[in-house]
Amino acid sequence: MRTVLGVAAGVVLARWLGPHDRGILALVLILPSTAVTMAKLGVPQSCVYFINRERVTPEAVTSNVLGLALVLGLSFALIGWIVRDALLATILPGVPEWALALALVRVPLLLIDDYLYGVLQAVGQFGLYNRRLIAGELLRVASIVIALVVLDMGLYAAVWIHTAVNAVTAAWLLYSVRREIAYTLALSFSLLRRQLAFGFKSYVQTLTQHMLLRIDIYMVAYFLGPIETAFYSLALRFTEMVLEIPQAIGLVLYPRLASLPAEEIYRLTAQTCRRTLAMTGVCAAGLALLGPWMIVLWYGEDYAAAGDPLVWAAVGVIAMSIYVIVTRAFTSQNRQRVNILAGLPALLLNVALNAVLIPTMGIVGAALATAVSYTIACVVLITFYARESQTRVREILVADRGDLQFFWNVVQRVLHRMKRWAARDSTRDRP
């Protein structure tokens with residue numbers, strides 16, 4: 001549902017803003033995400049670890065992280081505004097100063113959102129957060145349609161809408177969580193020190209993974225400008241839809257792994273990796289084959305160039321889907337150092353390859369650089385994992401009979417439900 005709404009909003013924004021302003025909007029939206037990643041300090045992962053592994057109460061953890069979110073979020077927003085001239089002259093070319101200001105307002109709002117999700121993930125309250133996501137997307141799509149299609153308000157309204165929706169959904173989430181968890185804003189400094197000590201390792205890992213996923217957009221903006229940034233960010237939007245599969249699975253998997261012994265962690269991670277790879281492999285093949293046609297159909301002929309990088313983007317998304325799942329196994333054992341050793345060299349290589357390939361090959365070069373770096377990160381991480389768990393690579397990557405039976409059972413359940421719905425509808429239609 002959220003993906004469908006996101007695509008609908010993206011189509012309206014692309015068609016009514018045009019490539020140049022859509023590229024500006026892409027940069028405005030990605031900057032707060034990067035700032036939040038830099039400000040997280042691994043706190044969301046520490047929430048899961050301390051509630052599930054250390055048995056700290058959710059009330060104590062929530063109270064700690066909310067106070068920290070306000071302090072860090074406002075501080076990073078202020079720093080961003082102080083260095084605004086440098087940002088606008090380098091990685092944010094063409095972005096108006098007012099748009100940067102609205103982007104920075106989103107930083108503390110998104111940080112509160114991320115911290116609270118760490119708590120909800122730990123206590124298994126995924127439904128509450130998912131309802132917030134869907135409600136936020138519905139509000140955003142409705143506002144975009146009214147402001148852009150009906151009132152023709154352009155880029156100014158698009159930026160304002162994203163900031164306003166974040167403010168509304170953050171307030172709603174704070175209220176909803178308060179009904180489930182009796183938090184305050186009181187800090188426990190002893191718990192905070194322990195959370196930050198654990199979180200720092202997750203922080204380096206998360207920051208590395210974020211930059212691995214996003215550095216290419218900043219470099220495309222720097223070398224090629226807003227229009228090519230619009231094309232490239234649109235191509236990445238298609239890959240992100242595929243990556244939502246391992247991301248969603250990983251979010252559910254991590255708190256479960258955090259409560260299991262090592263042997264069971266390795267078994268469950270390998271099984272999850274095989275099944276996730278099977279699903280993302282099919283989706284990535286569809287992305288490479290049908291993606292260029294879908295871009296023209298949905299977004300218009302003006303965006304046809306966004307289809308050029310999709311073949312390499314599909315290669316990258318397969319590698320990253322494995323990486324996302326396997327990192328959860330090491331994080332759940334407080335061994336984020338392994339994830340960092342896999343991700344950091346790949347990030348450095350990504351930057352070097354982008355610097356060489358973007359000026360010569362454009363956005364296709366950016367996708368190629370990303371595919372190579374993702375694959376190397378995946379290979380390094382699997383090597384570590386196979387050695388630590390005494391698991392054969394085949395058992396991590398290749399679906400076995402049990403996995404095929406699992407997918408067949410899923411298909412049967414879906415078909416059974418469809419038959420029940422069809423029978424129910426036919427009963428209602430009878431006079």
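Colleague: How many helices and how many strands are in the protein?

Modeller: The secondary structure of this predicted model is simple to list. The protein has zero strands, and its helices number 15.

Colleague: What radius of gyration does the protein have, and what would a compact globule have?

Modeller: The C-alpha atoms fill a box of roughly 65 × 55 × 55 Å along the principal axes. For 431 residues, a compact globule would have a radius of gyration near 22 Å. The protein agrees with this, because its own value is 22 Å.

Colleague: Which share of the contacts between residues at least 6 apart in sequence joins residues at least 24 apart?

Modeller: Of the 431 residues, 53% count as buried. Among contacts between residues at least 6 apart in sequence, the share that joins residues at least 24 apart is 83%.

Colleague: How is the pair of Trp 98 and Tyr 156 classed: stacked, edge-to-face or tilted?

Modeller: A search of the whole structure gives 11 aromatic pairs. In the pair of Trp 98 and Tyr 156, the centres are 4.9 Å apart and the planes are at 55°. Stacked needs planes under 30 degrees apart and edge-to-face needs over 60, so the class of this pair is tilted.

Colleague: Where in the chain do Trp 98 and Tyr 156 lie, and how many residues apart are they?

Modeller: Trp 98 is in helix H5 (residues 97–123), and Tyr 156 is in helix H7 (residues 154–180). The pair thus links distant parts of the chain, and the separation is 58 residues.

Colleague: Are Trp 98 and Tyr 156 buried, partly exposed or exposed?

Modeller: Buried means under 20% relative accessible area and exposed means over 50%. Trp 98 has 32% and Tyr 156 has 45%. Both values fall between the two limits, so Trp 98 and Tyr 156 are partly exposed.

Colleague: Which ring does the charged end of Arg 275 sit over?

Modeller: The charged end of Arg 84 sits over the ring of Trp 81, 4.2 Å from its centre. For Arg 275, the distance to the ring centre is 4.1 Å, and the ring is that of Phe 406.

How values were computed. Residues are numbered from 1 along each chain as its sequence is written. This is a predicted model: local features need pLDDT of at least 70, side-chain atom pairs count only at pLDDT 80 or more; totals for chains, interfaces and linings use all residues. Side-chain values use heavy atoms; hydrogens and water are left out. Rings of Phe, Tyr and Trp (its six-membered ring) pair if their centres lie within 6.5 Å; planes under 30 degrees apart count as stacked, over 60 as edge-to-face and the rest as tilted. Helices (H or I, at least four residues) and strands (E, at least two) are DSSP runs, numbered from the N terminus. Buried means under 20% relative accessible area, exposed over 50%, partly exposed in between (1.4 Å probe, protein chains only). A charge sits over a ring if NZ of Lys or CZ of Arg is within 6 Å of the ring centre and within 35 degrees of the ring normal. The radius of gyration is taken over C-alpha atoms; the globule rule is 2.2 Å times the number of residues to the power 0.38. Contact means heavy atoms within 4.5 Å.
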